[in-house]
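I opened this one to look up a few things and jot them down as I went. Here is the model I had on screen.

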Amino acid sequence: MTRLETERLLLRPWKEADAEALFRYAQDPAIGPIAGWPPHTSVENSREIIRAVLSAPETYAVVLKGSGEPIGSVGLLFGAAGTRPLAVGEAELGYWVGKPHWGRGYIPEASRALIRRAFADLGLQALWCVCDNANAQSKRVMEKCGFIFHHREENVPCELMGDVRAASFSRLTKEHWSELPRP
């Protein structure tokens, strides 16, 4: 898998050795539930998530260059893996970052690198980003990355949490992305 680099971050595949760092952040109930997954319960649970979920293609650990520590994740979902089935040439962008790193711009920085890869390297034509309608921080990331609000849906199933939610769907086309100023 590709490694991506930004000014402050390295995006690289998750490794089983990252399980302790992942658990440190993913056990926090302020992180997973708003993103649609339950808090991790142990280092072994985090290791299982790395094997089963975070090893998917185009899913990256967001790693601080200075410390080498994974502090979050960013990835693309394809086809039936999206919140709603995705067309050929489309993907859904997902992300999260540990609470101690909120408000530092890491996820917009990581997302922009993956968006660039999606359009320039993978040849995608559009990206979707979906969040719980109450997740103002995620909506702000979408805005910073150029996504445009598309629609809101009620009663969107969140299988991992066993509930339904109101969700905001935003979209970014390759054409619109090519017109955005580069930070």
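My notes on an annotated span, a helix pair and a pocket follow.

Entry 1, the annotation. I'm working from a predicted model. I checked the UniProt record, an unreviewed entry, and its "domain: N-acetyltransferase" annotation covers residues 9-166. I then looked at that span in the model: helix makes up 30% of residues 9-166 and strand another 30%. Its end C-alpha atoms sit 32 Å apart.

How do α1 and α3 cross? I found that the axes of α1 (residues 19-26) and α3 (residues 43-52) come within 8 Å, with a crossing angle of roughly 105 degrees. Angles of 65 to 115 degrees count as roughly perpendicular, so that is what I call α1 relative to α3. Next I listed who touches whom: α1 brings A19, E20, L22 and F23, and α3 answers with V43, S46, R47 and I50. By class, I get 5 nonpolar, 1 polar and 2 charged residues in this contact.

I went to the second largest pocket, which holds about 330 Å³ of space. Which residues lie closest to its centre? Out of 14 lining residues, I noted R112, R116, P181, R182 and P183. Helix α4 (residues 106-121) gives the largest share of the lining, with 4 residues. I also sorted the lining by class and got 6 nonpolar, 6 charged and 2 polar residues.

Terms used
Residues are numbered from 1 along each chain as its sequence is written. This is a predicted model: local features need pLDDT of at least 70, side-chain atom pairs count only at pLDDT 80 or more; totals for chains, interfaces and linings use all residues. Side-chain values use heavy atoms; hydrogens and water are left out. Axes are lines fitted to C-alpha atoms, for helices over the stretch in contact, and angles run from 0 to 180 degrees between N-to-C directions. Helices (H or I, at least four residues) and strands (E, at least two) are DSSP runs, numbered from the N terminus. Angles under 35 degrees count as roughly parallel, over 145 as roughly antiparallel, 65 to 115 as roughly perpendicular and the rest as oblique. Contact means heavy atoms within 4.5 Å. Ala, Val, Leu, Ile, Met, Phe, Trp, Tyr, Cys and Pro count as nonpolar, Asp, Glu, Lys and Arg as charged, and the others, Gly among them, as polar. On a 1 Å grid over the protein atoms alone, a cavity is a set of points where a 1.4 Å probe fits but cannot get out, and a pocket is an open set with protein on both sides within 12 Å along at least five of seven lines; lining residues have an atom within 4 Å of a point. Grid points are joined across faces, edges and corners, and a volume is the space filled by probe spheres set on the points. UniProt positions are given in the numbering used here, feature names are shortened, and annotations may be inferred rather than shown by experiment.
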